[in-house]
Amino acid sequence: MRFVDTMRERDKSVILDVVRRCGPISRVDIHEMTSLRPATISELTGELLQGGAIRQAGLNNNPTGRKQVLLQFNTEASFIAAVDFDAEFVSAGILDLQPRIRGEVIREATRLDGGAKGLLEQLVRCARRAIKQADLPHGAVAGIGIGDPGLVNSRDGISLTSSTVGFWRDIPTKRHFERAFGIPSVIGNNTRTKTIAERLLGAGEASPDMIFVEYGKGIGAGIISGGTLLEGHGWTAGEFGHTHIVDNGPACNCGSFGCLEAIAGIGALETRIRRAVREGGYSECLTMAGGDADSITGWHVLQAAAHGDKMAVALVEELGNYLGLGLANMVNLFNPALIVLDERLALAGPALLEQITRVVRRQALVQATQDLGFRTGVLGSNAGLLGAGLLVLEELFRVPLFKPPRPVQS
């Protein structure tokens, strides 16, 4: 939490946050919402206008009284650099303060051959490219948001561990970025950043009780309960992929056996389809992979299932059953109003979402599923960048606490 030593600074932050969240808004409405003195509001909004943080947006259409000047937040007063990565890809882009992505997103394969040092260098390099490509004036980037694929101590900005990037342990990612760029940086687990983005900007429609499921090399869940994103005492809340599903199951990268991720993650799907094709089974996936069984991916399986490929359909049905069973437990534990699934699962067609819905409704408590909604995400590959940007926005515009200076000792 940021502290200030004058009420003037705090009041200015309050006004800016109200304009950002509620604008266009008049000074009269700001007074009604904050109870600040009209003279104080007039003076501080004047300073915010002069500094470019807010701007005038015309007059309101008050039919009975004097028309009031409307104020709105200047979404281009400064910008945010966002980086999102996992075991497959690194993405970087520039966002305004809406947040909206400006220009082209940089996307490249994750370099895993250089260890932690090499990956950090790649992340910084991609961020620099995004900033340079945006051609922004010096000092225009106010903060950097990073979406990380593993467990993250978001308070201290440390990447603790990752089941999909084995060497990514105890990395002071926040400190590294702040040294490289000299501006504030915020890091979060990228399942949670995508959850925030889908909730506020996408399919979640600001639901106060929602679960988002990320699907890929790992399987994660972001949990919104009572409007709060759960992180947990040891930052492990939402490690959905490491919930136990079957006894004597395959080994998982986390060191356990029978985890959902090991059974139903995209890597497990790849292993099963490649083995089946090598043993003589026919699947359209082989054609998609150019005739090379070793090049078949789990994403090919999802696409082939949508085309009715018999082998792919069977594998995707098993995937839906496992995901449904796992989600039924999550529903009983957290009682969400909405479940949003990773948009990439839609590659399999509507049948997968329908199956997951059936399994959850069959297995979970009736009271927990009566009004439960199911849908897929809508933000696609940009969800992580948008979520990382939202983390930065939350920090940049968090209303500080007033902490009076200590009296001078005589």
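In this predicted model, helix α1 passes α2 in a right-handed crossing. The axes of α1 and α2, the latter spanning residues 27-34, come within 11 Å and cross at roughly 110 degrees. Because angles of 65 to 115 degrees count as roughly perpendicular, α1 and α2 are described as roughly perpendicular to each other. On the side of α1, the contact is made by Val14, Ile15, Val18, Val19 and Cys22, while α2 contributes Ile30, Met33 and Thr34. By class, this contact of α1 with α2 has seven nonpolar residues and one polar residue, with no charged residues.

Helix α1 (7-22) also belongs to the elements that give two or more residues to the lining of the largest pocket, together with β4 (69-73), β11 (185-189), α6 (190-201), β14 (228-229) and α14 (383-396). Of these, α6 gives the most, with six residues. Nearest the centre of the largest pocket lie Ile196, Leu390, Leu391, Leu393 and Glu394.

For the second largest pocket, the elements that give two or more residues to the lining are α6, β12 (210-215) and β13 (219-225). Here Pro149, Ser163, Thr164, Glu239 and Glu261 lie nearest the centre.

| Pocket | Volume | Lining residues | Classes in the lining |
|---|---|---|---|
| Largest pocket | about 1,100 Å³ | 39 residues | 17 nonpolar, eleven polar, eleven charged |
| Second largest pocket | about 480 Å³ | 32 residues | eight nonpolar, 15 polar, nine charged |

Note on methods. Residues are numbered from 1 along each chain as its sequence is written. This is a predicted model: local features need pLDDT of at least 70, side-chain atom pairs count only at pLDDT 80 or more; totals for chains, interfaces and linings use all residues. Side-chain values use heavy atoms; hydrogens and water are left out. On a 1 Å grid over the protein atoms alone, a cavity is a set of points where a 1.4 Å probe fits but cannot get out, and a pocket is an open set with protein on both sides within 12 Å along at least five of seven lines; lining residues have an atom within 4 Å of a point. Grid points are joined across faces, edges and corners, and a volume is the space filled by probe spheres set on the points. Helices (H or I, at least four residues) and strands (E, at least two) are DSSP runs, numbered from the N terminus. Ala, Val, Leu, Ile, Met, Phe, Trp, Tyr, Cys and Pro count as nonpolar, Asp, Glu, Lys and Arg as charged, and the others, Gly among them, as polar. Axes are lines fitted to C-alpha atoms, for helices over the stretch in contact, and angles run from 0 to 180 degrees between N-to-C directions. Angles under 35 degrees count as roughly parallel, over 145 as roughly antiparallel, 65 to 115 as roughly perpendicular and the rest as oblique. A crossing is left-handed if the near helix is turned anticlockwise from the far one by less than a right angle, and right-handed if clockwise. Contact means heavy atoms within 4.5 Å.
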